[in-house]
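Colleague: I would like to learn how to read a structure like this one. Could we go through its features in turn?

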Amino acid sequence: MLLKTNRAVFGQILVCSGCCCGRTDKGKPSIPVEWLKKSWKEAGLKKSIQLTISGCLGPCDLANVVCILTATEQIWLGGLTEHDQYEALLEWGKSSAEAGSLLELPARFQDHILQRFSCAQEVR
């Protein structure tokens, strides 16, 4: 039996806030977690694009990491260091919600896309 949720979301954004990401005490750039949660809620996005502030997602050498999940793909971003990058994620979320589906990520994130796994291996 396949479980199905009643929520009609078309994406989820995972923002790492774990062992390294956002840890200014370790010399890493900050993450505007409270601003992001508040802004996401105020924009009414959680019904279409869920925001999850997560523990460690890895890869820790590319702090700050974000993973965008859809029904068909995962997009991993690393090295987000500026508040305006999180603002751009919020604006992209708003535009996507208005469009009724996830839009293409803004070009400004192209240099932050990372290949999360080095090779595809069969799980045994």
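This is a predicted model: local features need pLDDT of at least 70, side-chain atom pairs count only at pLDDT 80 or more; totals for chains, interfaces and linings use all residues.

Colleague: In what order do the elements of the protein chain run from the N terminus on?

Modeller: The order is β-α-β-β-β-α-β. That comes to two helices and five strands.

Colleague: What radius of gyration does the protein chain have, and what would a compact globule have?

Modeller: The general idea is a rule for globules, 2.2 Å times the number of residues to the power 0.38. For 124 residues the rule gives a radius near 14 Å, and the protein chain has 15 Å, so the two agree. The C-alpha trace spans about 45 × 40 × 25 Å along its principal axes.

Colleague: How much of the protein chain is buried?

Modeller: A residue is called buried under 20% relative accessible area and exposed over 50%, with partly exposed in between. Here buried residues make up 36% of the 124 residues. The accessible surface of the protein chain is about 8000 Å², and carbon and sulfur atoms hold 50% of that surface.

Colleague: Take one residue as an example. Is Gly11 buried or exposed?

Modeller: Gly11 has 7% relative accessibility and therefore counts as buried. Gly11 sits in strand 1, which covers residues 11-16.

Colleague: Which residues is Gly11 in contact with, leaving aside neighbours within four places in sequence?

Modeller: The partners of Gly11 are Ser48, Ile49, Gln50, Leu69 and Leu102.

Colleague: Now the charges. How far apart are the mean positions of the positive and negative charges?

Modeller: The protein chain has 14 positive and 13 negative charges, and their mean positions are 10 Å apart.

Colleague: How many salt bridges are there?

Modeller: A salt bridge needs a side-chain nitrogen of Lys or Arg within 4 Å of a carboxyl oxygen of Asp or Glu. By this rule the count is five. One of them joins Glu34 and Lys37, with the closest N and O atoms 3.4 Å apart.

Colleague: Why are Glu34 and Lys37 separated by about one helical turn?

Modeller: Because they are three residues apart in helix 1, residues 33-42. Glu34 is exposed, at a relative accessible area of 55%, and Lys37 is partly exposed, at 38%.

Colleague: What about Glu42 and Lys38?

Modeller: Their side chains also form a salt bridge, at 3.1 Å from N to O. Both residues lie in helix 1, four residues apart, which is about one turn of the helix. Glu42 counts as exposed at 58% relative accessibility, as does Lys38 at 53%.

Colleague: Which parts of the chain does the salt bridge between Asp84 and Arg108 link?

Modeller: Asp84 and Arg108 meet at 3.3 Å, N to O. This pair links distant parts of the chain, 24 residues apart: Asp84 is in helix 2 (residues 83-99), and Arg108 is in the loop between helix 2 and strand 5 (113-114). Asp84 is partly exposed, with a relative accessible area of 35%, and Arg108 is partly exposed at 40%.

Terms used
Residues are numbered from 1 along each chain as its sequence is written. Side-chain values use heavy atoms; hydrogens and water are left out. Buried means under 20% relative accessible area, exposed over 50%, partly exposed in between (1.4 Å probe, protein chains only). Accessible areas come from the Shrake-Rupley method with a 1.4 Å probe; for residues, only the protein chains shown count as cover. Lys and Arg count as positive and Asp and Glu as negative; His and the chain ends are not counted. The place of a charge is taken as NZ of Lys, CZ of Arg, CG of Asp or CD of Glu. Contact means heavy atoms within 4.5 Å.
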